[in-house]
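Subject: Structure handover

Hello,

The structure you asked about is below. My notes on what was found in it follow.

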Amino acid sequence: MGTRTVHAAAVIAITLLLTGCSTGGDVRDKSTPSGTPGAAEKAETTRACVDAIADRAAAHKGGAVRSHPVPAPCARLSDADYLDAYMKGLEQAHRAARKTSQGETGKAADGAGS
C-alpha cells in the first residue's frame with residue numbers, strides 16, 4: 001500500500017505542476033496584449049525624443065547640443081531612457097551630417113570634371 005501512496009502522490013504532484021504551468025502561461029498571454037500598448041507608447045515617445053535631439057543637434061554648428069533643458073517630447077522618459085535617446089539623437093544627427101557632406105563632396109567632384 002505504501003507504493004501506491006507514493007505513486008499517487010507523484011501523479012498528483014506532476015498534475016499540479018503541469019496545471020500550474022499552463023495556468024501561468026495563460027495569465028501571461030492575457031497580460032501581454034495589455035502590456036503591448038505601453039511598450040508601443042514608450043517606443044513612440046522615445047522615437048519623438050530622438051528626433052527632437054537630432055533636430056537640436058542639426059541646428060547647432062558642429063552638432064553639439066546640451067542635454068538640458070530636456071526637449072518636450074522627452075519629458076516622460078526616465079533618466080536612463082532619456083540618456084539612451086540623447087545618444088541616439090546625436091548619432092542620428094551626425095549620420096545625417098555625414099551623408100549631406102558626402103553628397104556635397106560628390107557633387108563638387110562631378111562639377112569640377114565638367
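Of the 13 residues in the largest nonpolar core, the ones that touch the most other members are Cys49, Ile53 and Tyr82. A nonpolar core here is a set of buried Ala, Val, Leu, Ile, Met, Phe, Trp, Tyr and Cys residues joined through side-chain atoms within 4.5 Å. Buried means under 20% relative accessible area, exposed means over 50%, and partly exposed is in between, with a 1.4 Å probe and protein chains only. Helices α1 and α2 each supply at least two residues of this core. As general background, nonpolar side chains tend to be buried together in soluble globular proteins.

Before you read on, note that this is a predicted model: local features need pLDDT of at least 70, side-chain atom pairs count only at pLDDT 80 or more, and totals for chains, interfaces and linings use all residues. Residues are numbered from 1 along each chain as its sequence is written, and side-chain values use heavy atoms, with hydrogens and water left out.

What does Ile53 contact, leaving aside its neighbours within four places in sequence? The list is Val65, Pro71, Cys74, Tyr82, Ala85, Tyr86, Gly89 and Leu90. Contact means heavy atoms within 4.5 Å.

Cys74 from that list also takes part in a disulfide with Cys49, with an S to S distance of 1.9 Å. A disulfide is a pair of cysteine sulfur atoms within 2.5 Å, and the structure holds one. The link of Cys49 and Cys74 is right-handed, with 100° about the S-S bond.

The protein has two helices and zero strands. Both kinds of element are DSSP runs numbered from the N terminus: helices are H or I with at least four residues, strands are E with at least two.

Next, the charged pairs. How many salt bridges does the structure hold? There are three, where a salt bridge is a side-chain nitrogen of Lys or Arg within 4 Å of a carboxyl oxygen of Asp or Glu.

- Arg76 and Glu41 meet at 2.3 Å, N to O. The pair links distant parts of the chain, 35 residues apart, with Arg76 in the loop between α1 and α2 and Glu41 in helix α1. Arg76 is exposed at 64% relative accessible area, whereas Glu41 is partly exposed at 39%.
- Lys42 and Asp81 meet at 3.1 Å, N to O. Lys42 is in helix α1 and Asp81 in helix α2, so this pair ties together parts that are 39 residues apart in sequence. Lys42 is partly exposed at 43% relative accessibility, and Asp81 is partly exposed at 21%.
- Arg47 and Asp51 have their closest N and O atoms 3.3 Å apart. Both lie in helix α1, four residues apart, which is about one turn of the helix.

Some totals to finish. Buried residues make up 18% of the 114 residues in the protein. Among contacts with a separation of 6 or more, 61% are between residues 24 or more positions apart. The accessible surface is about 8,600 Å², and 62% of it belongs to carbon and sulfur atoms; the areas come from the Shrake-Rupley method with a 1.4 Å probe, and for residues only the protein chains shown count as cover.

Regards
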